[in-house]
Amino acid sequence: MRPAPRWLKFGLAGLFGLLLLWQAWYLGWVVWWKWVNPGTTSFQSQRLNEARQKNPKAELKRQWVPYEKISVHLKRAVIAAEDDKFIDHEGFDWEGIQKAIEKNQKKGKVVAGGSTISQQLAKNLLLSPTKSVLRKGEEAIITVWIELLWDKRRILEVYLNVVEWGDGVFGAEAAARRYYSVSAAQLGAEQAARLAVMLPAPRRYERNPYSAYMNGRTGLILSRMADAEVP
């Protein structure tokens, strides 16, 4: 077998080096955000660009609040709704992923994701919502770094401050004021449960927040909140 041409070797080495630099860039942000609160996330930037195509003066509604100023009801509700093994897993809920695969196969389309809070956070902070094998791979790598470098309290704090909760609405404080005219610290159990139910598709659910589905799902999350363990 003839040896690979030198140009091919150099090309592959260069490509590998670029990939390492790209991963190092992601890792640097994860390390930085362990102590410094994120500004505008990748996902927020995309939503803002979309909004400004319709209205050049559009702005996002968001206000960072520290962990202790977010209602424990909301923390419990989000964990109960999105990731009931949050405290115990190391970034991935393998049982949940398997159940999501089986559900999607049964329905013949994607109806469940199985992503943990850590995976959702990795995507929101640094990636795009575009679904691809490459993006999922990047998401997995960033999730591992987040779980290794941050504690669960920091993961939940950042998630609750950057996640989308409606059209142009990001974070618990903005959501609490948008839907209930209270601060994130003042949210009651039922309000928190309803907000948690919105998370999979907030821009859709905000159009009819008291639909039969929302009401039923809110009751289910309320029943699970007492068992949700928060950091």
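Q: How many residues has the largest nonpolar core, and which of them have the most contacts inside it?
A: In this predicted model, the largest nonpolar core holds 54 residues, with L74 and W165 having the most contacts inside it. A nonpolar core is a set of buried Ala, Val, Leu, Ile, Met, Phe, Trp, Tyr and Cys residues joined through side-chain atoms within 4.5 Å. The elements giving two or more residues to this core are α1 (6-32), α3 (72-82), α5 (117-126), α6 (133-149), α7 (152-162), α8, α9 and α11 (212-225).

Residues are numbered from 1 along each chain as its sequence is written. In this predicted model, local features need pLDDT of at least 70 and side-chain atom pairs pLDDT 80 or more, while totals for chains, interfaces and linings use all residues; side-chain values use heavy atoms, without hydrogens and water.

Q: What makes up the secondary structure of the chain?
A: The chain has 11 helices and two strands, in the order α-α-β-α-α-α-α-α-β-α-α-α-α from the N terminus. Helices (H or I, at least four residues) and strands (E, at least two) are DSSP runs, numbered from the N terminus.

Q: Why is L126 called buried?
A: The relative accessibility of L126 is 10%, so L126 counts as buried; the term means under 20% relative accessible area, against over 50% for exposed and in between for partly exposed (1.4 Å probe, protein chains only). L126 lies in helix α5, which is mostly covered, with nine of its 10 residues buried. Among them are I117, L121 and L125. In the chain of 231 residues, 44% are buried.

Q: With which residues is L126 in contact, leaving aside its neighbours within four places in sequence?
A: They are W25, Y26, W29, V30, W33, S42 and I142, contact meaning heavy atoms within 4.5 Å. L126 and F43 are 83 residues apart in sequence, yet 7.4 Å apart in space, C-alpha to C-alpha.

Q: Why are α8 and α9 called roughly perpendicular to each other?
A: Helix α8 (residues 172-180) and helix α9 (residues 189-198) pack at an angle of about 110°, with their axes 11 Å apart. Angles of 65 to 115 degrees count as roughly perpendicular, under 35 as roughly parallel, over 145 as roughly antiparallel and the rest as oblique, so α8 and α9 are roughly perpendicular.

Q: Which residues of α8 and α9 meet?
A: A175, Y179 and Y180 in α8 meet Q191, R194, L195 and M198 in α9. The residues of this contact divide into five nonpolar, one polar and one charged; Asp, Glu, Lys and Arg count as charged, Ala, Val, Leu, Ile, Met, Phe, Trp, Tyr, Cys and Pro as nonpolar, and the others, Gly among them, as polar.

Key:
Axes fitted to C-alpha atoms, helices over the stretch in contact; angles between N-to-C directions.
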